[in-house]
Amino acid sequence: MLKLCASVLVGLCIATPAQAGLFSDDDARKLSQDNRKEIQQLEANLLKLGNRIDQQTKSMLDLQSQIETLSNEIRKLRGQNEEILHGLGDAEKRAKDFLCGFGYALASF
C-alpha cells in the first residue's frame with residue numbers, strides 16, 4: 001500500500017500542470033461568434049421546418065375533409081342506386097303482369 005501511495009505521489013509530481021486557458025481571447029471570441037451564427041442558422045432552419053409541418057398538416061386536414069365528403073357522397077349515391085334498382089324491379093314486375101294479363105284478355109276474345 002505504501003508503494004502504491006509513493007508511486008501515485010511521484011506520478012503527480014512528474015505530471016505537467018494543466019494549462020488554465022486552451023484558447024486565446026481572440027480565438028475564444030471567434031469561436032463564440034461562430035457558435036452564435038450557427039445557432040441562428042439552426043433556429044432559422046427550425047422555423048422553416050415548423051412552417052412546412054404546419055402547411056403539410058393543413059393539407060392533410062383538407063384531404064381528410066375531402067375524403068369524408070366523397071365518402072358521404074358515395075353512400076348517398078349507393079342509396080339512390082338501390083332505390084332505382086328496386087323501382088326498376090317493381091316496374092319490370094308490373095310490366096310483366098300487365099303484359100301477361102293483357103295477353104290473357106286477348107286470348108279470351
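Which side chains meet in a salt bridge with an N to O distance of 3.4 Å in the pair formed by K30? In this predicted model, local features need a pLDDT of at least 70 and side-chain atom pairs count only at pLDDT 80 or more, whereas totals for chains, interfaces and linings use all residues. Residues are numbered from 1 along each chain as its sequence is written, and side-chain values use heavy atoms, with hydrogens and water left out.

The side chain of K30 meets that of D34 in a salt bridge, at 3.4 Å from N to O, where a salt bridge is defined as a side-chain nitrogen of Lys or Arg within 4 Å of a carboxyl oxygen of Asp or Glu. Because K30 and D34 are four residues apart in helix α2, about one helical turn separates them. D34 is partly exposed, with a relative accessible area of 33%; by definition, buried means under 20% relative accessible area, exposed over 50%, and partly exposed in between, for a 1.4 Å probe and protein chains only.

In total, the structure holds three salt bridges. One of them joins the side chains of R29 and D26, at 3.4 Å from N to O; both residues lie in helix α2, which covers residues 25–107, and they are three residues apart, about one turn of the helix. R29 and D26 are both exposed. A salt bridge is also formed by the side chains of K58 and D62, with an N to O distance of 3.5 Å, and these two residues of helix α2 are four residues apart, again about one turn. K58 is exposed, with a relative accessible area of 54%, while D62 is partly exposed at 37%.

The chain contains two helices and zero strands, helices (H or I, at least four residues) and strands (E, at least two) being DSSP runs numbered from the N terminus. Of its 109 residues, 0% count as buried.
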